[in-house]
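Work through the following exercises with the sequence and the coordinates at hand, and compare each step with the solution given.

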Amino acid sequence: MPVILPLALMLAPQAYDPEIEAILRRPKQEKTQPALAPALPPSDQSPGAPADASAPALPVPPEIAGPFQACLDTAIDSPDAGIAAANDWRLKGGGFYARHCLGFAYARAERWAPAMVAFQQAAEEAERAGAMQQSAQLWAQAGNAALAGGDAAKARDHFDAALARGLPDGMAKGEVQLDRARALVAINDLIGARDSIDAALDQAPRDPLGWLLSATLARRTGEMALAQAHIARAVQLSPDDAAVALEEGNIAILTDHEDIARAAWQRAVRLAPASVEGRAAADNLSRLPAATPIN
């Protein structure tokens, strides 16, 4: 049965893409978790997003580790108390670790503008102290705070700063490249976004979000063969992610595979009916003609 026109138009390449918007709006609080400290418990991680535990842990001096962890724990229990504790520690000479905790506490409170400033100041202080890898990680966290706060252009600049500080090859660099691509998509620099996504896939090939965003961008730019190949990889890596299922259906319907689209959208609704992705999938399903009964 041919694809119905309204659905095809809805998913065709366009200036504003609701599925890309849904990806950009995925929870980012976990991206501002301190990479210099143990990752938060699994209950604090967002489904479908890479955890900070995937990044290489950077050493914390023994004399700093205790106060740092205590500050983080305070912020987890109460962001306001964490902000106060971080500021008090900063005044007592906590250095960039105190500013790092301050940014984390602001992020826990979803106060993205001051979180970005705190991470940026921590990155600058770390660089002055000669801690270049810590500085790079902190610039990346400043970028994610900016992206979460809706300032994609500033986020891009912060991600560029992180990459310029010499992150080692591997997952950490791949995640920064992917976050940079998210920022570039948000400012409609699709050529730059493709370059960053390709770099992210090379550095972090096990991250399903990279393949998802790559497939979504390929669909938006009309590269359907690439979209099909990359969404298949995302499905393989993360079969229970509603965003992946939604995009699988979007690509399938535009390549005349209505049965695959229907099954993928049904899976998205089943996995997360109240989410942005689940609701979009349900709306897409409502536009399909009724399935033909099997005799």
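## Exercise 1: helix α13

In this predicted model, α13 is mostly covered, with twelve of its 13 residues buried.

Solution. Step three looks at the two ends: at the start of α13, the backbone nitrogen of A243 has a side-chain oxygen of D241 within 2.8 Å, while the helix is followed by D256, whose phi is positive, near 65 degrees.

## Exercise 2: aromatic pairs

Task: count the aromatic pairs, and classify the one formed by F68 and W89 and the one formed by F68 and Y97.

Solution. With ring centres required to lie within 6.5 Å, the count comes to three aromatic pairs. The ring centres of F68 and W89 are 6.4 Å apart and their planes stand at 35 degrees, so this pair is tilted. The pair links distant parts of the chain, since F68 belongs to helix α3 (residues 62-77) and W89 to helix α4 (residues 79-91), 21 residues apart; both residues are buried.

F68 also pairs with Y97, at 5.6 Å centre to centre and 65 degrees between the planes, an edge-to-face arrangement. Because F68 lies in helix α3 and Y97 in helix α5 (residues 95-108), this pair ties together parts that are 29 residues apart in sequence. Finally, ring pairs link F68, W89, F96 and Y97 into a cluster.

Key: Residues numbered from 1 in each chain as written. Predicted model: local features only at pLDDT ≥ 70, side-chain atom pairs only at ≥ 80, totals over all residues. Heavy atoms only, no water. Buried < 20%, exposed > 50% of the residue type's maximum accessible area, 1.4 Å probe, protein only. Helix = DSSP H or I, 4+ residues; strand = E, 2+ residues; numbered from the N terminus. Polar contact = N/O pair within 3.5 Å; in protein donor to acceptor, adjacent residues only side chain to side chain. Phe/Tyr/Trp six-rings, centres within 6.5 Å; stacked < 30°, edge-to-face > 60°.
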